[in-house]
Every structure is written in structure tokens, then in C-alpha cells.
Amino acid sequence: MSTTTRLQPGSTADRSGSRQRPRQDTKLALAFIAPATIGFVLFLGWPTLRGIWLSFTSFNLLTPSEFVGLANYRRLVQDPIFWDSLLVTVQYVVINIGVQTVVALLIALMMHRLTQSSLLRGLVLGPYLVANVVAALVWLWILDTQFGVANQVLEWIGLNRIGFLSDETWAIPTIALINVWRHMGYTALLIFAGLQSLPGQVYEAARIDGAGEIRTFFSITLPLLRPIMALVLIMTVIGSFQVFDTVSVTTGGGPANATNVLQLYIYDMAFGRFQFGYASAMSVALLVVLAIITIVQFRLTRAGSTDLN
């Protein structure tokens, strides 16, 4: 006759098993996060600390770094090109974020209300899967003043040709809209995911109360979508301030520095003039600017709270 031994709650064996399980779970969790942690330290943490140190030095790759204190930051404050580049970058960010957010929100709403097709979602995401350099080259050919398809169409309908990438007035808006085309699908899918998480009971109650589509959107959808929109804005603003490859391929900072964004100026100082200390100081300044903008956005949008409770 077999006997079965049952552990009573609170017994010694039960307590020892409870102590061992958290230890095993902790080891497993550490094993899973170890690769990401190592990658973060090697490719983000250490380069950031190294860049901050270099911002206090004079370093050109050919000679050992020499500590110069705040000299690079004093030069930065007095550098008119730095401030012009920052202003150009802000102009780009305002156009890019403003148009991208509105277009992505409209696309997400149409996908949510009109169709649930996976094929359509894939098509919307298509431009984001194209490499930045490839997308920039394609649009460079399309918008070419002499041979571009866009200007040929303008001439065909009786309008004058436009130097989309060669005119100081048009260059930054054109680059911003190129990146809107590339990123709006990804942004729309993020918003679409947020729309799917909203409770349907709220919309049913609004329909019973006779609320129309516009009132429902502004009174229910936008307030409930606020945490997702805050996250999207923070991500897109940070990404927009780091624009580089599209400008480098299409205009190279011209004409007349009209598209000389901050990242391009930093690259030119570091790898064009080998002034790594000063380039690092500008990178640290950009890091501080992005940190301030992120904190302000987080507080203004109340990203840490939700209206669902």
C-alpha cells in the first residue's frame, strides 16, 4: 500500500521551497537581461561617459587628449554656427512632428474604424522599412529641379519648377516631409495599438447619449489616448532632433547652410575637422536639450497617468 506525504502550509519543506524559488527566478531574470545590459553598457553607457569626458578636452586623434576645462563650452556659447544649426534643427522638428503626428493619427483612426486588414498595415509600414539613405536618394531623384518627376509634373500643369532641395525656403520643409513619409506608418501603428486598447463600453455609452463622431473623438478618444500620444511625441521628437542621413544625402547642409542641422555640424567638426573635443561638447549640449524637452513633455502631457481609472 502506497502512502502519500502532503506538505502542510507553513511546514519547513514548504518554506525552504519558497525561499529557493525566488532565488531561481532571480537568476533566470538576470540571465535574460544580461545580454541587453552588456550591450547597453558597451554601446551606449561607456560611449556617453567617454563623450562627456572628451567634451572637457582638446582631442584630434593624432595627439593625446589634453584637458581644457570649460573651453569647449565657452566656444559653443559664442559660436554663431552652432546656434544657427540649432535653430534649423528646431524648424525641422516643428514641421516634421506637427505634420507627422496629425497624418499618423488620421491613418490610425481610419485603420481602426474602417479596416482591420493586416495587408493594409503592412503597406502602411512599408516606407519605414526602407533605409533612410535609400529613401533620401529616391526622393533626391524625384525632386531634382531639372530631371525630377515632380518638377516635370509641375511644368506639365503650367506651374514653374521648384528647387525643392536647392532653394533655401523649400529645403527644410522638403526634408521634413520626406521623413514624414518614411516614419508616419510606424507612428500610425503605435497610435493604432493604443486605439485598440481603449474600452468599447465607453464608445457604446457615447452612442447611446447621442454623441457624434467629432465629439466622441475630442471628448473620449483623445483624452484616453493621451498616454500613448505622449509616448509617441517623446519618441518622435528625440528621433527628429537626431536627423542626419537624409540631410547628408540630399543637401549636405546647403544651400548656404539652410539645412545645416546640428547633427551634421557635429559630424563635420568631428570627422571633417577632427575637433572631437568641441564636437563632444555640442553632443553633450544636445543631450541636455533633449533631456529638458523630454521632462517638459512628460509633465505637460501627464504621460504617467491615464483617464481610464
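**Aromatic pairs and nonpolar cores**

In this predicted model, the count comes to 12 aromatic pairs, where rings of Phe, Tyr and Trp (its six-membered ring) pair if their centres lie within 6.5 Å, and planes under 30 degrees apart count as stacked, over 60 as edge-to-face and the rest as tilted. Local features need pLDDT of at least 70 and side-chain atom pairs count only at pLDDT 80 or more, while totals for chains, interfaces and linings use all residues. Residues are numbered from 1 along each chain as its sequence is written, and side-chain values use heavy atoms, with hydrogens and water left out.

**Aromatic rings**
- Trp53 and Phe67 form a stacked pair, 5.9 Å centre to centre with 20 degrees between the planes.
- This pair links distant parts of the chain, with Trp53 in helix 1 (residues 12-54) and Phe67 in strand 2 (residues 66-67); helices (H or I, at least four residues) and strands (E, at least two) are DSSP runs, numbered from the N terminus.
- Phe59, Phe244, Tyr267, Phe271, Phe274 and Phe276 form one aromatic cluster.

**Nonpolar core**
- The largest nonpolar core has 36 residues, of which Phe82, Tyr92, Tyr278 and Met282 touch the most other members; such a core is a set of buried Ala, Val, Leu, Ile, Met, Phe, Trp, Tyr and Cys residues joined through side-chain atoms within 4.5 Å, and buried means under 20% relative accessible area, exposed over 50%, partly exposed in between (1.4 Å probe, protein chains only).
- The largest share of this core, seven residues, comes from helix 12.
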